[in-house]
Amino acid sequence: MVKNIFLALGLALPLVGCVTTTSPVATTKSYSVDSDTYQSTGKSQRIKTIVLHYTVSDNERSIKTLTTGNVSAHYLILDRHDDKIYSLVDESERAWHAGDSGFAGRTILNDTSIGIEIVNAGIKPEYRNALNNGALDYHPYEHFVAFDELQIKKVAELVQDIVARYDISPKNIIGHSDMAPSRKIDPGAKFPWQRLYDEYGIGAWYDEFDKQYFMHPDAFAAATIPEIKQAFRDYGYQINDTDAWDKASRDVVYAFQLHFRPEQPTGNMDRETYAILQALNKKYAGRDDFY
């Protein structure tokens, strides 16, 4: 009996030894990171795009949605008269504002964009069900809610600062509708893109001389649907390659019009829309800054 006890202890002792003699993990680094001796030239800023949204809500609900839910933005601009812009997500982190989207060859825009949410009701209450009876396919200009003057000033100054720090291409300052045309219509027809361009040098806008040049009726009449769709792709929009203006294609046309011809957003491809698209490509083609 005693012999068996000693045998058991003898077998246990090596196991105890294994536990108590394990080597500690080394904590002292044997190297330093040298950030000065060599530097690569093949690089660019990680942030490529600024995306502007409206919240379709009031201040309180916008704050709650963007701070406690599964959606977020880097910045929030309320419609109260104060001197604050609220930073909700650090620029070094991903905010969840873009969703399923694409622009300028990029399809996961949360990774490379800064999202700015602006408190705005979007569509006026009396028009929110205007598309339900099938009489209209898209909301016209008068259905949208205007932005507060102080909000526009805050947006302008914030975007100017971000552009300067990340060297963002003018055409990569876009609305949510530009990158998700079949899902989103914000920041809507009453967001003053042309004013931001004229007064603050923000974003892309066409030259009127070029637009008038491309307004020649023969040019539009001769353009095929695949050629026009390729022109949309050249600017940055994602659009299908069907040989028809189907609903998905018209969604892209509508998004483009919300941005560049906001007083007449119809979703129909017409001569003026074609001329604006061609004028923009003449001015900005090749400036995607893909890398």
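## Thr112 and its surroundings

Thr112 touches Arg46, Ile47, Lys48, Thr49 and Arg106, leaving out residues up to four places away in sequence; contact here means heavy atoms within 4.5 Å. Thr112 lies in the loop between β3 (86-87) and β4 (113-118), where helices (H or I, at least four residues) and strands (E, at least two) are DSSP runs numbered from the N terminus. At 11% relative accessibility, Thr112 counts as buried. Buried means under 20% relative accessible area, exposed over 50%, and partly exposed in between, with a 1.4 Å probe and protein chains only.

The model is predicted: local features need pLDDT of at least 70 and side-chain atom pairs count only at pLDDT 80 or more, whereas totals for chains, interfaces and linings use all residues. Residues are numbered from 1 along each chain as its sequence is written, and side-chain values use heavy atoms, with hydrogens and water left out.

## Overall composition

The secondary structure of the protein chain comes to 10 helices and 5 strands. Of its 291 residues, 44% count as buried. Among contacts in the protein chain with a separation of 6 or more, residues 24 or more positions apart account for 65%.

The 5 strands form an open sheet with mixed pairing, in the order β3-β2-β4-β1-β5. At its edges stand β3 and β5 (173-175), each with a single partner strand, so one side of each is left without a neighbour in the sheet. Two strands pair if DSSP finds at least two bridges between them. Strand β2 (residues 75-77) pairs with β4 in the parallel sense over 3 bridges, and Leu76 stands opposite Glu117 in β4. Helix α3 (residues 149-166) packs on the sheet, touching β1, β2, β4 and β5, and its direction makes about 175° with that of β4. Axes are lines fitted to C-alpha atoms, for helices over the stretch in contact, and angles run from 0 to 180 degrees between N-to-C directions.

Lys154 is found in helix α3 and counts as buried at 7% relative accessibility. Leaving aside neighbours within four places in sequence, Lys154 is in contact with Ile77, Arg80, Asp82, Asp83, Lys84 and Ile85. Lys154 and Lys84 are 70 residues apart in sequence and 8.4 Å apart in space, C-alpha to C-alpha. A polar atom of the Lys154 side chain lies 2.9 Å from the backbone oxygen of Lys84.

Thr55 lies in the loop between β1 (49-54) and α2 (59-68) and is buried, with a relative accessible area of 17%. Its side chain makes a polar contact with the side chain of Ser62 (2.9 Å). A polar contact is a pair of N or O atoms within 3.5 Å; within protein, one must be able to donate a hydrogen and the other to accept it, and residues adjacent in sequence count only if both atoms are side-chain atoms. The side chain of Thr55 also reaches the backbone nitrogen of Asn120 at 3.4 Å. Not counting residues up to four places away in sequence, Thr55 touches Ser62, Leu66, Leu76, Glu117, Ile118, Val119 and Asn120.

## The buried side of helix α8

In helix α8 (residues 225-235), Ile228, Lys229, Ala231, Phe232 and Tyr235 are buried. These residues cover an arc of only 150° around the axis, which puts them on the same side of α8; the arc is that of the directions from the helix axis to the C-beta atoms. Their cover includes α7 (217-222), α9 (247-260) and α10 (271-284). Gly236, whose phi is positive, near 140°, follows α8.

## Aromatic pairs

Rings of Phe, Tyr and Trp (its six-membered ring) pair if their centres lie within 6.5 Å; planes under 30 degrees apart count as stacked, over 60 as edge-to-face and the rest as tilted. By this rule the count comes to 15 aromatic pairs. Phe103 and Tyr237 form an edge-to-face pair, 5.4 Å centre to centre with 80° between the planes. Phe103 lies in the loop between β3 and β4 and Tyr237 in the loop between α8 and α9, so the pair ties together parts that are 134 residues apart in sequence. Phe103 is buried, with a relative accessible area of 3%, and Tyr237 counts as buried at 3% relative accessibility.

Phe191 and Trp193 also form an edge-to-face pair, at 4.8 Å centre to centre and 65° between the planes. Phe191 is buried with a relative accessible area of 2%, and Trp193 counts as buried at 6%. Ring pairs link Phe103, Trp205, Tyr206, Phe232, Tyr235, Tyr237, Phe256 and Phe260 into a cluster.
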